[in-house]
Amino acid sequence: MIVAFFIFLAVELLFCRIISNSFGFSLKRTLVYVLLPFFLLLLYLLTAVIYRFDVQAKNTYVFYVLTFYLLFWFPKFSFSVLYVIFSIPLIIKKNRIFFIFRKSISIIFSITLFVYLLISIFVGARTLTVTEKQVFVKDLPKEFNHLKIVQLSDLHLGSIWNKKDFLKELVERCNSYKPDVVVFTGDLVNQYAEEAIGSDTILRKINATYGKYAVLGNHDFGDYSFWKCPNEKERN
C-alpha cells in the first residue's frame, strides 16, 4: 500500500512538472488541479482506515473511488512515460519537429487511453461475452452426447451499476441456450456478500435440465479486505 502510494505520487509530480514546462503553465496552479484526484483518494482512504470496519463491511465504495482515480492516473502515467522516452533524441539534437512529435504523440495516446478506460468501465463491465466450444471426449458414454453446459463466471456484481437489469439480461441469454447443466465458477462479488443481495431471486430463474452447480472464487472468499476477526470473514 505504501509503495503504491509513492508510485502514484511520483507519477503525479512528474506529470505536473512536464505539463508546467511543456505548456508554460504555473507549476503551483498545475499542482492544484492535477493533484486534486490524488488528494481526494488520499482523503477517502484515510477515512476508510479510521472507520475501515464500518465502511468496508457494508459497501464497495473504496473500489469505486480507486477506479475513478485510476481512470485519470493511467493516462497521466502513459503521457509521462512517452514524453520521457521521446525526450531522449532531444538530448542529442534539438529539433523543432521532435518537440512537436513528442507533445503530439503523448497527448493523443493518453487521451485515447482515457476514452478506452471510460468505455471499458461504463460499457465493457455490462457487456456479456459468449464463447462457444465443442468438446470431444474419447469413449464418452452415448448418454452424454450433445450435452450442453453453460458456464458463468466472474460477474463481480459490486462493479456493475444497475445490476438487476444486467442480471435479467444474463438470465435471458443463458436460458436461450437451453442448457442441460449450468455451472458458475466463482467471483460473484468483489469482496462482500452484500453485493449479491437481491440477485438470488433473479439468478434462480436460470433453467437447466440436470441441475445448476457453483463454486466460490478467490474474491468470494473476501481475501482482499480487512476484517475484525476470522469469524467475520467466515460469515461473509
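Not counting residues up to four places away in sequence, which residues does lysine 212 touch? In this predicted model, lysine 212 touches Val182, Arg204 and Ile206.

Let's stay with that lysine for a moment. Lysine 212 sits in strand S3, which covers residues 211-214. Is lysine 212 buried, partly exposed or exposed? Its relative accessibility is 45%, so lysine 212 counts as partly exposed. Two of the residues that lysine 212 touches also show up when you look at polar atoms: the side chain of lysine 212 reaches the backbone oxygen of isoleucine 206 at 2.8 Å, and a polar atom of that side chain lies 3.3 Å from the backbone oxygen of arginine 204.

Valine 181 brings us to the next strand. Strand S2 (residues 181-184) pairs with strand S1 in the parallel sense, over four bridges. Within that pairing, glutamine 151 stands opposite valine 183 in S2. Strand S1 itself runs over residues 149-152 and has two faces. Val150 and Leu152 make up the covered face, while Ile149 and Gln151 are on the uncovered one.

Now jump to the other residue worth a visit, serine 22, which lies in helix H1 (residues 2-23). Why does serine 22 count as buried? Because its relative accessibility is 16%, and buried means under 20%. Leaving aside its neighbours within four places in sequence, serine 22 is in contact with Tyr83 and Lys103. With tyrosine 83, the link is a polar contact of 3.5 Å between the two side chains. Compare that with lysine 142: it is 120 residues away from serine 22 along the chain, and the two C-alpha atoms are separated by 70 Å.

| From | To | Distance |
|---|---|---|
| Lysine 212, side chain | Isoleucine 206, backbone oxygen | 2.8 Å |
| Lysine 212, side chain | Arginine 204, backbone oxygen | 3.3 Å |
| Serine 22, side chain | Tyrosine 83, side chain | 3.5 Å |
| Asparagine 95, side-chain oxygen | Isoleucine 97, backbone nitrogen | within 2.7 Å |

H7 takes in residues 96-122, which makes 27 residues. From its first C-alpha to its last it reaches 40 Å, close to the 39 Å expected at 1.5 Å a residue. Arg102, Ser106 and Ser110 are buried in H7.

Time to zoom out. How many helices and strands does the protein chain have? There are ten helices and three strands. Reading from the N terminus, the order is α-α-α-α-α-α-α-β-α-β-α-β-α. The radius of gyration is 24 Å, well over the 18 Å that the globule rule gives for 236 residues, so the chain is more spread out than a compact globule. Along its principal axes, the C-alpha trace spans about 75 × 45 × 30 Å.

Buried residues make up 30% of the 236 residues. Among contacts with a separation of 6 or more, 78% come from residues 24 or more positions apart. The accessible surface is about 16200 Å², and 67% of that belongs to carbon and sulfur atoms.

Definitions and conventions. Residues are numbered from 1 along each chain as its sequence is written. This is a predicted model: local features need pLDDT of at least 70, side-chain atom pairs count only at pLDDT 80 or more; totals for chains, interfaces and linings use all residues. Side-chain values use heavy atoms; hydrogens and water are left out. The expected span of a helix is 1.5 Å times one less than its number of residues. Buried means under 20% relative accessible area, exposed over 50%, partly exposed in between (1.4 Å probe, protein chains only). A polar contact is a pair of N or O atoms within 3.5 Å; within protein, one must be able to donate a hydrogen and the other to accept it, and residues adjacent in sequence count only if both atoms are side-chain atoms. The radius of gyration is taken over C-alpha atoms; the globule rule is 2.2 Å times the number of residues to the power 0.38. Contact means heavy atoms within 4.5 Å. Accessible areas come from the Shrake-Rupley method with a 1.4 Å probe; for residues, only the protein chains shown count as cover. Two strands pair if DSSP finds at least two bridges between them.
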